[in-house]
Amino acid sequence: MARPTPRIMSLAKPKKISDGSLQSRRLFLYSCGRMSEIWQRPTLMDLALPSPRILKLAEPKKYQTAYLKQRPRSSPEWPMPTAALTCEASQRVLELARPKSVHPGFMLNRKVGTHIRDIARMTLTTPRTQLLAQPKIQKNTLCYDRGSPESMIRPVSRAAQQAVASVRTLELAKAKEVSGAYLPVRDTEWPVTKAAKHAVTTPRIEALSQPGKRLTADLAQFNPDAFSVKESAKKAVCSSRLQKLAHPIER
């Protein structure tokens, strides 16, 4: 049976916690669901100075000598040639450098033409006007709340109740008629006539009504006469051409 080495036993031991504050803190405290909570920084941490090791690691990586030799410029600023500094722009460049002008038909926003008088501004509205100014509250239902279920859904005026429909309205209110050649659905059981009951079948109909005879699956798959050779094939003589073609290819 394999046994762990002393080194493995030493690494398998849990780490000892010298500070007891880690055991007393609550789980998921300022942790957003993580197992490790976000600790508060001590007050003296801002005044502490980094060690020489940290300062050395914080230095940027230096360029290699081979890269500095292949670098085309020593400064990130591109040098401008004298010809570019003393050149004069052409008429086309000056034309393209002009800012886009405003359309001649452009008009600024006009002021509001309606002027409200001071008397109208100081006028107080009546309670009736304030009531009419309130928005209409509609219910998000398709039903009308009219009290008892025996009452009508929508109120119908007296003129509508006493109205008489016109001839055209009565004609349009008629249901669509069925075609004159329409036949209703027949019953599932059809009545058999007396002539059909006393009819006698012919020999031809009896022959056609007999089911087809088929071999069983065993006989269909196994045919004993499949390898039978005819008598004429036994007496046949092979020609010279067939004998030549029957020889195997020499390789």
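Accessible areas here come from the Shrake-Rupley method with a 1.4 Å probe, and for residues only the protein chains shown count as cover. What you are looking at is a predicted model, in which local features need pLDDT of at least 70 and side-chain atom pairs count only at pLDDT 80 or more, while totals for chains, interfaces and linings use all residues. Residues are numbered from 1 along each chain as its sequence is written, and side-chain values use heavy atoms, with hydrogens and water left out.

How confident is the predictor? The score to know is pLDDT, the predictor's confidence in each residue, from 0 to 100. The protein averages a pLDDT of 80, and 78% of the residues score at least 70. Among the elements, helix α10 has the highest mean pLDDT (93), whereas helix α2 (residues 21-24) has the lowest (54). Where pLDDT is low, the predicted coordinates should not be read in detail.

Now for the overall build. The protein contains 15 helices and zero strands; helices (H or I, at least four residues) and strands (E, at least two) are DSSP runs, numbered from the N terminus. How many of the 251 residues are buried? Buried residues make up 1% of them. Here, buried means under 20% relative accessible area, exposed means over 50%, and partly exposed lies in between (1.4 Å probe, protein chains only).

Next, let us look at charged side chains. Side chains of opposite charge can pair when their charged atoms come close. A salt bridge is a side-chain nitrogen of Lys or Arg within 4 Å of a carboxyl oxygen of Asp or Glu, and the structure holds three of them.

Begin in helix α6 (residues 91-97), where Glu95 and Arg92 sit three residues apart and so are separated by about one helical turn. Their closest N and O atoms are 3.8 Å apart. Arg92 is exposed at 51% relative accessibility, while Glu95 is partly exposed at 47%.

Move on to helix α10 (residues 167-173), and you will find Glu171 and Arg168, again three residues apart, about one turn of the helix. The two side chains meet in a salt bridge, at 3.8 Å from N to O. Glu171 is partly exposed, with a relative accessible area of 47%, and Arg168 is exposed, at 51%.

The remaining pair is in helix α14 (residues 231-234), where Glu231 and Lys234 are three residues apart and therefore about one helical turn from each other. In this salt bridge the closest N and O atoms are 3.7 Å apart. Both partners count as exposed, Glu231 at 53% relative accessibility and Lys234 at 54%.

The surface has a nonpolar feature as well. Tyr63, Tyr67 and Leu68 form a nonpolar patch with about 350 Å² of accessible area together. Patches are made of residues with over 30% relative accessible area and no salt bridge, with like charges joined within 9 Å and nonpolar side chains (Val, Leu, Ile, Met, Phe, Trp, Tyr) within 5 Å. Tyr67, which lies in helix α4 (residues 65-70), is partly exposed at 44% relative accessibility.

Finally, what about the cysteines? A disulfide is a covalent bond between the sulfur atoms of two cysteines. Counting a pair of cysteine sulfur atoms within 2.5 Å as a disulfide, a search of the whole structure finds zero. Cys87 is exposed at 55% relative accessibility, and Cys238 is partly exposed at 41%.
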